[in-house]
Amino acid sequence: MKDAELLRALDESGWRVMPAAKALGVSRTSMYALIKQSRQVRAAEKIPTEEILEVMEQKADMDSWAARLKTPREALKRRINELEQESA
């Protein structure tokens with residue numbers, strides 16, 4: 001599968017893994033493998049904190065943040081929760 005197909009499915013699903021997997025006709029496990037192999041999809045845990053905070057300042061929503069950062073929404077949500085706990 002080409003990265004373009006993967007990115008399109010993620011974009012169309014709001015960067016949600018399960019709907020994107022369904023659109024591509026692959027299992028959740030296969031979807032995570034495709035994401036890991038992709039050079040364009042970013043791992044949320046590897047995105048610098050400053051970059052995440054900068055995107056969050058734009059007052060959009062989680063879907064917009066995930067799309068802008070090119071990372072799955074669920075992983076970004078976990079990362080943001082971790083950052084909030086660290087700053088508390």
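Modeller: Let's begin with helix packing. Two packed helices are described by the angle between their axes and the distance between the axes. Here helix H4 (residues 49-56) packs against H5 at about 135°, and the axes are 10 Å apart. This is a predicted model, numbered from 1 along each chain as the sequence is written, where local features need pLDDT of at least 70, side-chain atom pairs count only at pLDDT 80 or more, and totals for chains, interfaces and linings use all residues. Side-chain values use heavy atoms, with hydrogens and water left out.

Colleague: How are helices and axes defined?

Modeller: Helices are DSSP runs (H or I, at least four residues), numbered from the N terminus. Axes are lines fitted to C-alpha atoms over the stretch in contact, and angles run from 0 to 180 degrees between N-to-C directions.

Colleague: What do we call the orientation of H4 and H5?

Modeller: H4 and H5 are oblique to each other; angles under 35 degrees count as roughly parallel, over 145 as roughly antiparallel, 65 to 115 as roughly perpendicular, and the rest as oblique. The crossing of H4 past H5 is right-handed, that is, the near helix is turned clockwise from the far one by less than a right angle.

Colleague: Which residues of H4 and H5 meet?

Modeller: Contact means heavy atoms within 4.5 Å. From H4 come Glu51, Ile52, Val55 and Met56, and they meet Trp65, Arg68 and Leu69 of H5. That contact has five nonpolar residues, two charged and no polar.

Colleague: Is Trp15 buried or exposed?

Modeller: Buried means under 20% relative accessible area, exposed over 50%, partly exposed in between (1.4 Å probe, protein chains only). Trp15 has 1% relative accessibility, so it counts as buried. Lys70, at 32%, is partly exposed.

Colleague: What does the side chain of Ser13 reach?

Modeller: Ser13 lies in the loop between H1 and H2 and is buried at 12% relative accessible area. Its side chain reaches the backbone oxygen of Arg16 at 3.0 Å. Leaving aside neighbours within four places in sequence, Ser13 is in contact with Pro19 and Ala20.

Notes
Helix = DSSP H or I, 4+ residues; strand = E, 2+ residues; numbered from the N terminus. Nonpolar A, V, L, I, M, F, W, Y, C, P; charged D, E, K, R; others polar. Polar contact = N/O pair within 3.5 Å; in protein donor to acceptor, adjacent residues only side chain to side chain.
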